[in-house]
Amino acid sequence: MDGGTAAPVAPAGGSAAAATGAAGPTPPADDPQWWRSAVIYQIYPRSFADGNGDGVGDLAGVRQHLPYLADLGVDAIWFTPWYASPLADGGYDVADYRSIHPAFGDLHEAEALISEALALGIRTIIDIVPNHVSDRHRWFQEALAAGPGSPERERFWFRPGRGVHRDEMPTSWPSNFSGDTWTRTTNADGTPGEWYLHLFSPQQPDLNWNHPDVRREHEDILRFWFDRGVAGVRIDSAALLVKDPALPEIPEHPAAGEHPNQDRDELHEIYRSWRTLADAYPGTRVLVGEIWLPDIERFALYLRPDELHTAFNFDFLARPWDADALRASIDETLAAHAPVHAPSTWVLSNHDVTRAVTRYGREDSSFAFAKKRKGTPTDLALGRRRARAAALLTSALPGSLYIYQGDELGLPEVEDLPDELREDPMHERSGGVDPGRDGCRVPLPWRGTTPPFGFSPEDASAAPWLPQPADWGDLSVQAQQSDPSSMLWLYRQALRIRRAEPALGDGPLTWLASPAGVLAFARGAAFVSVTNLSGAPVALPEHQAILLSSSPLVGGLLPPDSTAWLRTQRPTAGHLTT
Ligand code: GLC
């Protein structure tokens with residue numbers, strides 16, 4: 001580019017433009033490759049919509065709003081855990097995998113939901129939490145009752161403590177939440193007993209994956225849900241399941257596969273057997289890993305053709321709003337996925353991290369658990385502008401896309417929740433230093449100008465389980481759906497174009513020459529995405545039409561913190577025109 005003028009658009013690897021016509025309401029039901037380009041909407045059931053008026057979201061609420069999701073244009077929904085659970089960690093402490101939490105509904109409703117969604121062209125993905133169970137799970141209760149040395153305890157990690165009095169933890173592994181990873185039990189006679197391992201909270205004892213019962217049980221759980229029509233599973237903490245049975249301390253610089261509780265080589269054999277199980281079902285049932293690993297090559301090993309289908313790409317959301325950092329993340333991600341022929345995924349936020357609008361409004365817009373602190377100065381207008389640009393950028397990248405509920409409304413993190421209402425164990429276990437994750441889990445605003453903003457019905461008997469900010473009326477679905485400048489409108493348009501555009505989703509990407517601070521790439525021969533992260537307006541490459549832009553052009557230039565999607569050749573029958 002010359003003074004902000006784009007270089008000519010380079011052809012992008014000759015990807016054929018199959019004629020698809022305009023966006024259809026329903027994705028093809030029998031496409032075995034659906035997951036390679038899918039748009040997946042994450043539902044946090046407690047906070048999506050409350051059908052029965054008890055202030056807690058439920059499956060009835062989701063069923064009522066399935067048309068909303070179809071209209072938004074998503075291909076699948078992923079539910080964070082919906083099972084029976086004491087909710088010590090928002091449901092990631094599962095007491096019974098084969099029943100639905102009574103506050104959410106029952107199994108019959110889950111089955112109805114899966115079919116109703118499918119009738120609208122939406123597949124259902126559920127969450128499987130294999131690393132740990134709830135301390136109320138039958139197995140753990142049996143293990144406590146059976147006492148030291150019993151076979152029931154072998155399904156977990158029970159160990160005597162160290163030291164003469166056995167009062168020191170068996171290892172000093174750090175917790176993924178703050179605090180300890182071992183809790184001491186009390187024997188039947190009241191004396192202090194063995195310790196048990198929990199990488200998360202004490203209410204989430206880790207399972208022993210060397211035990212055949214644990215493996216068998218999880219394969220049964222997969223079958224239970226695949227038999228009920230789920231299209232896939234999101235595997236929680238997928239790189240943590242296996243531990244070194246010798247329980248050594250963590251080396252200062254562990255070599256690949258040497259960490260005692262992360263990324264152990266034995267994990268691959270487990271996922272190969274899950275893949276065989278999934279592949280035996282008709283339709284493509286997908287395995288999606290939640291894998292936080294700094295080594296992207298080790299990460300990609302989980303995506304070999306006989307293991308998981310995809311894994312969340314957290315690297316991108318951990319990067320700051322900076323062109324070089326994001327471009328490096330995109331390049332490294334695509335390069336790591338190519339050898340295993342897996343599509344990458346793009347994720348701007350989820351139920352564990354600060355909402356994108358808030359994160360991008362901060363001076364340090366990268367994400368790290370350790371950096372979550374109360375009272376960080378935030379420019380929400382800037383954050384919203386960047387989140388809009390990021391939504392178009394990620395929607396145009398190769399692979400599948402995840403949207404966390406409420407991001408399509410541009411909801412910010414709710415930072416002023418009263419401490420006594422915070423439920424996330426991260427808050428309490430950090431001694432209140434970390435605000436925890438409640439701020440991204442506040443119930444959605446659907447309509448009206450006062451809480452509960454249609455989250456619960458008019459005659460609700462209780463207020464939403466977490467309070468909604470009084471000014472969320474402007475962010476409600478109702479307020480946004482007829483406003484062309486809204487975030488919801490932008491997402492709907494983007495997903496509509498994405499579905500109709502043959503070159504989007506899985507496939508090749510070609511970078512275009514661009515000035516510093518600008519990310520410009522072509523998808524196919526006729527589509528270009530340009531994101532301006534520089535501080536000044538830039539000229540767009542030569543184009544036939546602007547398909548969509550995250551902020552209005554100013555004097556024909558793309559302003560800072562904006563993305564534009566361009567039609568760069570005369571439209572053919574296979575391209576959406578605007
Ligand atoms: C995953 C979940 C998170 C949960 C943790 C323990 O990271 O996304 O919400 O707290 O696992 O299950």
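**Entry 1, ground rules.** I am working with a predicted model, in which local features need pLDDT of at least 70 and side-chain atom pairs count only at pLDDT 80 or more, while totals for chains, interfaces and linings use all residues. Numbering runs from 1 along each chain as its sequence is written, and side-chain values use heavy atoms, with hydrogens and water left out.

I looked up aspartate 127 and found it in strand E5 (residues 123-128); helices (H or I, at least four residues) and strands (E, at least two) are DSSP runs numbered from the N terminus. Aspartate 127 is buried, with a relative accessible area of 0%, where buried means under 20%, exposed over 50% and partly exposed in between, with a 1.4 Å probe and protein chains only. Its side chain makes a polar contact with the side chain of tryptophan 78 at 3.0 Å (a pair of N or O atoms within 3.5 Å; within protein, one must be able to donate a hydrogen and the other to accept it, and residues adjacent in sequence count only if both atoms are side-chain atoms). Leaving aside residues up to four places away in sequence, I list among the residues that aspartate 127 touches Trp78, Tyr92, Arg234 and Asp236, contact meaning heavy atoms within 4.5 Å.

Six of the six residues of E16 (residues 527-532) are buried, so the strand is largely enclosed by the rest of the structure. I checked both faces: Phe527, Ser529 and Thr531 on one side are buried, as are Val528, Val530 and Asn532 on the other. E16 runs antiparallel to E15 (residues 518-523), joined by six bridges, and antiparallel to E20 (residues 562-567), also joined by six bridges; two strands pair if DSSP finds at least two bridges between them. Threonine 531 stands opposite leucine 519 and opposite threonine 563 in E20. E15 and E16 form a hairpin with three residues between them, and glycine 524 in the turn has a positive phi of about 70°.

The domain assignment gives domain 1 (15-132 + 215-480), domain 2 (138-197) and domain 3 (508-578), its bounds coming from an automatic or database assignment. I noted that the C-alpha centres of domain 2 and domain 3 lie 58 Å apart.

The axes of H12 (residues 380-396) and H15 (residues 487-500) come within 10 Å and cross at roughly 10°; axes are lines fitted to C-alpha atoms, for helices over the stretch in contact, and angles run from 0 to 180 degrees between N-to-C directions. The two helices are therefore roughly parallel to each other, the cut-off for that word being angles under 35 degrees. Residues that meet here include Arg384 and Leu392 in H12, and Met487 and Tyr491 in H15.

Definitions and conventions. Angles under 35 degrees count as roughly parallel, over 145 as roughly antiparallel, 65 to 115 as roughly perpendicular and the rest as oblique.
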